[in-house]
Amino acid sequence: MAYVVTEACIKCKYMDCVEVCPVDCFYAGENMLVIHPDECIDCGVCEPECPADAILPDSEGGMEKWLEVNREYATKWPNITRKGAAPADADQWKGVPDKFEKHFSANPDKA
């Protein structure tokens with residue numbers, strides 16, 4: 001089992017989770033983070049740190065899509081080990097539905 005980042009992260013990208021990860025398995029896209037499922041040790045410390053409730057165990061129902069999204073983009077985006085600044089409008093995007101279809105960016109983080 002591993003943890004995965006879901007669409008709730010899109011345009012929020014708070015990054016509180018990055019600081020607590022003991023194995024540095026987060027990868028940064030332009031407007032969301034992903035977890036490399038093969039690197040995640042299933043410790044779960046990241047899940048309660050996410051203000052957007054975007055991190056869930058891949059064993060929960062309906063996580064297959066997110067497992068694949070996390071796996072794919074963890075191989076394309078840069079690894080991130082330190083918390084950066086969340087977008088200025090992150091709180092406005094928190095809880096907005098259907099963000100993947102409308103706002104997901106496949107671009108890597110520019111930092």
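**Figure 1. Surface and overall dimensions of the protein chain.** The model is predicted. Its C-alpha atoms fill a box of roughly 30 × 30 × 25 Å along the principal axes. Of the 111 residues, 45% count as buried.

**Figure 2. Order of elements in the protein chain.** The chain has 4 helices and 5 strands. From the N terminus they run β-α-β-β-β-α-β-α-α. Among contacts between residues at least 6 apart in sequence, 78% join residues at least 24 apart.

**Figure 3. The largest nonpolar core.** This core holds 39 residues. Val5, Phe26, Met32, Leu33, Ile35 and Ile55 touch the most other members. At least two residues each come from β1 (3-5), α1 (16-20), β2, β3, β4 (55-57), α2 (64-74) and α3 (90-93). The largest share, 5 residues, is from α2.

**Figure 4. Surroundings of Met32.** Leaving out residues up to four places away in sequence, Met32 touches Val5, Thr6, Cys9, Ile10, Lys13, Tyr27, Trp77 and Phe104. Met32 is also among the core residues that touch the most other members.

**Figure 5. Asn31 in its loop.** Asn31 lies between β2 (26-28) and β3 (33-35). Its relative accessibility is 11%, so Asn31 counts as buried, the cut-off being under 20%. The Asn31 side chain reaches the backbone nitrogen of Ser105 at 3.4 Å. Beyond four places in sequence, Asn31 touches Cys9, Ile10, Lys11, Cys12, Lys13, His103, Phe104 and Ser105.

Definitions and conventions. Residues are numbered from 1 along each chain as its sequence is written. This is a predicted model: local features need pLDDT of at least 70, side-chain atom pairs count only at pLDDT 80 or more; totals for chains, interfaces and linings use all residues. Side-chain values use heavy atoms; hydrogens and water are left out. Buried means under 20% relative accessible area, exposed over 50%, partly exposed in between (1.4 Å probe, protein chains only). A polar contact is a pair of N or O atoms within 3.5 Å; within protein, one must be able to donate a hydrogen and the other to accept it, and residues adjacent in sequence count only if both atoms are side-chain atoms. Contact means heavy atoms within 4.5 Å. A nonpolar core is a set of buried Ala, Val, Leu, Ile, Met, Phe, Trp, Tyr and Cys residues joined through side-chain atoms within 4.5 Å.
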